[in-house]
Amino acid sequence: MGKKNKKSPAGESPTLEPQTAAESSTGPSTTNKKKTTPPAPQPSPSSSALVICRNKHWRYISSFHGPWLQLPLEVLVTLANANYYMPLPRPVDPAVFYDLVKIRQLVDGATDLAVRAANGVASSALSNSLAGGAAHHMQALGLGFGNNGGAKLSPERRFRMREQATQKLSRAYHLDEIASSVATMQSTSTLENVAGLVLQRAPSDPDANYVHFFHEKIPSRQLAECTDFRALDLIIGQRPSDCEPLRTRAIVRMFKEDFEGAVQDLTTALSVYRLQQPPHKPSAEESMQLKQKIQRRRDNPPLNESDHPSSTEVQLLFQRAGCYLTLACDHVPAALSETPTRQNETSQNGTNGSGNGASNGTANGGSTSQRAEADAEDKGPTKKQLEMRKAVRLYAKRALRDYMEYFKHFHYSPNLPVEVSDDFSRQVNQATHRNKRNYSQSRYASQDPGSPTGTAASHTVYELAALFTATPPADLPAYPSTDLVSPGSATMELVQTTTEVVTYHPLLTDALHSLLLCHTLIQTSAKELQRHAHMVARLARLADGYPVFQASRSPARADWIEVLRRAENWIELSSSWETLCAPAPLPTSMSSSGVSAATASVSALSITGGASPSETEEQRKERMRQQAIIEALEDERVNDEASFKAAILARQRRAEADHASSSNGGVPSPNAGPKRWAVDDGREYPILTERAEAVARWIREAPTGSGAGSSKRKKKSKTPRKTAEPEPEPDKAETMDAA
């Protein structure tokens, strides 16, 4: 996670919270100073300042946009069950999928309660009258509603309804605060004030305080200045067994650039979670699911909520890994020479001096500069620089360890039968078109002898973490290969029987590219890093959020592309990163039921639908503008007003271009071939972040550490190298830590 604006000195925490982080959990050579200050001031926004809810500043909001916000709830439940009962690797992470279902249920229920309390409507059936529909006209005529139409709710009844709405919203934010923030943004504005109204009568209510923390309105892009920890500290004290408020406080610490305090909160949250939850047991769970699928081919019984997988651990690992990576990048300037520009000037002057005096060979300026350089080489780096270099590698290794733990929750298959992916597309189409097709496709599919369960045991499944070990699997298809040209070439391919598939997670693309940044800071050898980069490109081109997520921009991907450019492709990739990550063409096979991937890609257009049929052109543009603002607010690369406006304009132009291309018939051209559901097309914004600058500088200026450099460079500074010698080999060490 990148930083914004000015940077605090290494080791000091600029947070307003007096609580300090434990040094043992964050790393060496850093000391936190206690700061006791009054609560954060609430600056009065000017008339031109944009005042928005606090949760609209949350990072990675754009990663959770998608059709799940508009799909009917019963369809979303059907898709979640179908996804859960698919053989590994599942199309979408089931923990996230079930979180989306529960968040939609909770937010919709809270919206109904809040609207009824605001308008004094006792029955949920009467809430339709607020839209001025048929129910409103029937109520006006006194038909079908008895005496409830004129009944007025008491203040106590309204308070209880708002209290129930707040409890539902609190539970949603406990599940996933990013996805819940996206869902509440799409809901009515009545939800923004419901927690504040509850707090007027119950100021110590933990649920109301938690929801109000997200919904409180503050000036745009001033979250750090306008946020203190009093509400979160109160909730944590009232509910010490809840790890979610600790997660929220850690995210606020990130905004305040107190990454060491964030690491402490996330570590505590992980400990609390693991004490209350059973460990991750994928093998037993998956064998049970496969047995259920073999016994009942078409019936996917609803899964009890108590059996739903949890995504909390994945969230905590991802956030803590981002903190460690940021801490590693923060120590880069102190680990290298403090005045690189002055050194460049000195070296240039020395070169000029030696060039002018080449005939004499004894120019005073040249000899002085050469003597100074020789002395600097003999002295070597200072003790502080050695400590900072050690801290850079240590934090990067800890980030890599957490990312590897994150990857253990997802799976990849190099040879999944195409019939399996066709079966999931068939179930999606059946769920979304059941009113039009009258289950004809479902009856035909249930008689299909080519059941996915018959081929489920014939394909290989790996955890993503296994792909980045020192000895990756040997049966993976070659990548990059010569047939990686364009999606249009898929129409010329022969019929395929298997395909590569990876489980999708909204934060997967960012985690994959962050892993490459970690290996760069650890100074993994160029050959090994090239292998990891090809593996990341292989997975990134397969990442597909079908049928609930849409493509989003990845800050880590943008940083990695910038690092490759500034380091002049030091790992010698064969093609540009955009080419390597180009979306993989869909397989062109045709199953016995007549459902192909190309057909699924075309019918998938009906899930998003772009806009509702009744949406006007002005409403469509306003919707795109609001979404562009939300995405720009959480963009790590935006750090001032100019870049904020540029990001909004760029996103609006991209949305208009996508709308124009999709409106030309709505079906891909024959020459284009079937395309994937939602992928990042690689169009990044040219905004350099401090993280990318630090990593690129580390590549250019940092001396190679143990296991990555030549013996010739090690001889130049014998004593300092002894400090770096004990550093373990990156891949093996992190694999051992992750285990």
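**Exercise 1.** Over the face of which residue does Arg54 lie, and at what distance from the ring centre?

*Solution.* The model examined here is predicted. In it, Arg54 is placed over the face of Phe213. The distance from the ring centre is 4.7 Å. An arrangement of this kind also involves Arg90, whose charged end sits over the ring of Tyr84. Here the distance to the centre of the ring is 4.9 Å.

**Exercise 2.** Determine how the rings of Tyr406 and Phe407 are arranged, and whether these residues are buried or exposed.

*Solution.* Begin with the total: the count of aromatic pairs comes to 19. Tyr406 and Phe407 form an aromatic pair, with 5.5 Å from centre to centre. The angle between their planes is 70°. Planes over 60 degrees apart count as edge-to-face, and the pair is therefore edge-to-face. Next, consider accessibility. Buried means under 20% relative accessible area. Tyr406 has 0% relative accessibility and so counts as buried; Phe407, at 0% relative accessibility, is buried as well. Finally, both residues belong to one aromatic cluster, which is formed by Tyr60, Phe318, Tyr403, Tyr406, Phe407, Phe410 and Phe468.

**Exercise 3.** Describe the surroundings of Thr520: its helix, its burial and its contacts.

*Solution.* First, locate the residue: Thr520 lies in helix H22, which covers residues 508-522. Third, set aside the neighbours within four places in sequence; Thr520 is then in contact with Leu529, Trp560, Trp570, Val695, Trp698 and Ile699.

Technical notes. Residues numbered from 1 in each chain as written. Predicted model: local features only at pLDDT ≥ 70, side-chain atom pairs only at ≥ 80, totals over all residues. Heavy atoms only, no water. Helix = DSSP H or I, 4+ residues; strand = E, 2+ residues; numbered from the N terminus. Buried < 20%, exposed > 50% of the residue type's maximum accessible area, 1.4 Å probe, protein only. Contact = heavy atoms within 4.5 Å. Phe/Tyr/Trp six-rings, centres within 6.5 Å; stacked < 30°, edge-to-face > 60°. Lys NZ or Arg CZ within 6 Å of the ring centre and 35° of its normal.
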